[in-house]
Protein chains: 2
Amino acid sequence: MNIDLIEAAARRFAGVGRRTPLLASPDLDRIAGRPVLVKAECLQHTGSFKFRGGWAALTALPAAARAKGVIAYSSGNHAQGVALAAARHGAPAVIVMPSDAPSVKIDNTRALGAEVVLYDRAAEDREAIGKAIAEARGLTLIRPYDEPEVIAGQGTCGLEIAEDAATEGITAATVLTPCGGGGLTSGVALALAARAPGMQVRPVEPEGFDDTRRSLAAGRIERNAGAGGSICDAIVTPAPGTLTFPIMARLCGPGIAVSDDEALRAMALAFARLRIVLEPGGAVALAAALFHGAEIDAPALIAVASGGNVDPAVFRLALDRHGGG
Amino acid sequence: MNIDLIEAAARRFAGVGRRTPLLASPDLDRIAGRPVLVKAECLQHTGSFKFRGGWAALTALPAAARAKGVIAYSSGNHAQGVALAAARHGAPAVIVMPSDAPSVKIDNTRALGAEVVLYDRAAEDREAIGKAIAEARGLTLIRPYDEPEVIAGQGTCGLEIAEDAATEGITAATVLTPCGGGGLTSGVALALAARAPGMQVRPVEPEGFDDTRRSLAAGRIERNAGAGGSICDAIVTPAPGTLTFPIMARLCGPGIAVSDDEALRAMALAFARLRIVLEPGGAVALAAALFHGAEIDAPALIAVASGGNVDPAVFRLALDRHGGG
């Protein structure tokens, strides 16, 4: 993994993906006590940064393998990213999703033309299911994070942050990333280490699913106790990846854990102050920027708002509890 | 009014305002039966396009007049646009707002440092109130639409549409604009007539407050019967302006009127498919694109999503009724 792979992914992404804006609001700056920039990946195609990695992986495949088709397992955002990338290439896509994934994500994945295979998150192993179908049908497995091209694709988000923050006059900052398996976090960290050395990435997770925070503190991969139970479905993974963890250990600052309620409050503030729709897992980095400032020593904060695929009932919960900010 | 004034406003806006993205979703294309691009002005500073006109007006004032301060009357979006433009110049701003404006708009205007004067929309005349305070305090009145520099500022939105749609390969389209007094509509129409002659603007209004639609049909300015009663507070004005109407009569196609429920449904679809927050008045153009296609003969549609300053209760209503799309 190096910056060349990320820049190659960025060249393949140009004109296909959306260069998402860095948003800001004086009210958020006031709450955080310093400038806060929000990288609005909820505005990316399919509503999350995952299209970056999906596109990078599909475009890196040999044409023959791509034509046979791809398979992915995902709680929903990687699913849509891979499904759209496959559809744009006319390639078949099978997506293995937990049966309790938000229905908006299951519906959107099907609407993108993918075949969805549901499994029981508590009883079954998605990696084993994915592998079995891949072998039976000759599909290429696109892993959600432990895959160099996927990490490179997510890293394109970091290249944009480096360039666009510099335009706003910000070159020294802590960059907060929602962290599941670490694909986004490690990709952005690699990009910034090369292109914005004054910025350091810190992964953000939900309380109780802070495997990366604990792994970084321990210096070795630690696993979560449970497999579900957070509203931050997008970033609940068993453990950081074997490719992503060493990158994060080398480049990232300590992890931060936020509560589900802090994620909901960040969603309400993003609604009222930035006019964007975030899902809970996509709002944890903003929550850390706004409510965990005491843990962060930096003149400016950049929060990646990684996704906005949220069921209306969960969004209403955020508005009900936190009244639009 | 000509294109030079708009291009001068665009030069003064560069590096200050946000170049808002043109968003799209395959689901919206499917509903409309053709490509739909959404100009997300809800992502503009202050949450609506009105900062464009406010900035253009403030920067066009002689320094001495600007230092004395400005006054504006507004249901809330022009208020915030002028308040932010004044604050960035260190100039005092007084904003005359109806007492029934959404509280999010009143709060935001105050948070931007403006002095807010409330009036009764049914019983009092905001123009008379504005004039009286302006004279008493030596403030310059910044009209919400019947003001050349404000029209020029809103026209910068049209310049961006022309450029960014061409990048997407779209040069022939109907451009739908939410329409109150006609500042946005006439500014965008002037910009497109000069820079994208294959595009025609059509103003969109709420049913029952379709003064511009009726005026365009009659060839003379017609007024609305009532002063309130639509949830589309941002675009309920008594009549098109004396400056804006002749521009619209010369350049625009027929007006379109949408129901409040169609506006709410467009908000729910923008939430689920574009991950942006729209207010009802900011969603009427998207509603026309999605639900009034039979009235529109064009290969592609561009809807200006003009604002996203919505009270949480109204947003919940959209989600409750239309379930996120």
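Reader: In which helix is B:Cys157 found?

Author: In this predicted model, B:Cys157 is located in helix α8 of chain B, which comprises residues 148-167.

Reader: Why is B:Cys157 called buried?

Author: A residue is called buried if 20 or more other C-beta atoms lie within 10 Å of its own. B:Cys157 has 29 other C-beta atoms within 10 Å, and therefore it is buried.

Reader: Which residues does B:Cys157 touch, leaving aside those up to four places away in sequence?

Author: B:Cys157 touches B:Lys39, B:Glu41, B:Phe49, B:Arg52, B:Leu184, B:Val188 and B:Val304.

Reader: What makes B:Phe245 count as buried?

Author: The cut-off is 20 or more other C-beta atoms within 10 Å. B:Phe245 has 24 C-beta neighbours inside 10 Å, so it counts as buried. Its place is in helix α11 of chain B, residues 244-251. Beyond the residues up to four places away in sequence, B:Phe245 touches B:Gly182, B:Ser215, B:Ile221 and B:Pro240. B:Phe245 and B:Gly219 are 26 residues apart in sequence, with their C-alpha atoms 9.4 Å apart in space.

Reader: What is the order of the strands in the open sheet of chain B?

Author: Six strands form that sheet, in the order β1-β2-β10-β7-β8-β9, and their pairing is mixed.

Reader: Why do β1 and β9 of chain B stand at the edges?

Author: β1 (22-23) and β9 (256-258) of chain B each have a single partner strand, so one side of each is left without a neighbour in the sheet.

Reader: Which helix of chain B packs on the sheet?

Author: Helix α13 of chain B, residues 280-291, does so, touching β2, β7, β8, β9 and β10 of chain B. The direction of α13(B) makes about 160 degrees with that of β10(B).

Reader: How do you know that strands β7 and β8 of chain B pair?

Author: Two strands pair if at least two bridges are found between them. Strand β7 (residues 173-178) and strand β8 (residues 199-206) of chain B have six bridges, in the parallel sense. Within this arrangement B:Thr177 stands opposite B:Pro203 in β8(B).

Reader: How many residues of chain B are in contact with chain A?

Author: There are 22 residues of chain B in contact with 22 residues of chain A. In chain B, α6 (103-111), α12 (260-274) and α14 (312-322) each supply at least two residues of the side that touches chain A. The most is given by α14(B), with four residues. By class, that side of chain B has 13 nonpolar, four polar and five charged residues.

Reader: How many helices and strands does chain A have?

Author: Chain A has 14 helices and ten strands.

Reader: Why is chain A called as compact as a globular protein of its length?

Author: For 325 residues the globule rule gives 20 Å, and the radius of gyration of chain A is 18 Å, close to that value, so chain A is as compact as a globular protein of that length. The C-alpha atoms of chain A fill a box of roughly 55 × 40 × 40 Å along the principal axes. Of its 325 residues, 60% count as buried. Among contacts in chain A with a separation of 6 or more, 76% come from residues 24 or more positions apart.

Reader: How do you know that the span of helix α7 of chain A agrees with expectation?

Author: The twelve residues of α7(A), 126-137, should span 16 Å at 1.5 Å a residue; the end C-alpha atoms are 17 Å apart, which agrees. Just after α7(A), A:Gly138 takes a positive phi of about 70 degrees.

Reader: What makes both faces of strand β3 of chain A covered?

Author: On one side of β3(A), residues 70-73, A:Val70 and A:Ala72 are buried, and on the other A:Ile71 and A:Tyr73 are buried. β3(A) pairs with strand β4 (residues 93-98) of chain A in the parallel sense over four bridges. There A:Ile71 stands opposite A:Val94 in β4(A).

Reader: What makes β1 and β2 of chain A a pair of strands?

Author: The requirement is at least two bridges, and β1(A) and β2(A), residues 36-40, have two bridges in the antiparallel sense. The bridge partner of A:Leu22 in β2(A) is A:Lys39.

Notes: Residues numbered from 1 in each chain as written. Chains lettered and ligands numbered in written order. Predicted model: local features only at pLDDT ≥ 70, side-chain atom pairs only at ≥ 80, totals over all residues. Contact = placed C-beta atoms within 7 Å. Axes fitted to C-alpha atoms, helices over the stretch in contact; angles between N-to-C directions. Nonpolar A, V, L, I, M, F, W, Y, C, P; charged D, E, K, R; others polar. Rg over C-alpha atoms; globule rule 2.2 N^0.38 Å. Buried ≥ 20, exposed ≤ 12 C-beta atoms within 10 Å, placed from the backbone. Expected span 1.5 Å × (residues − 1).
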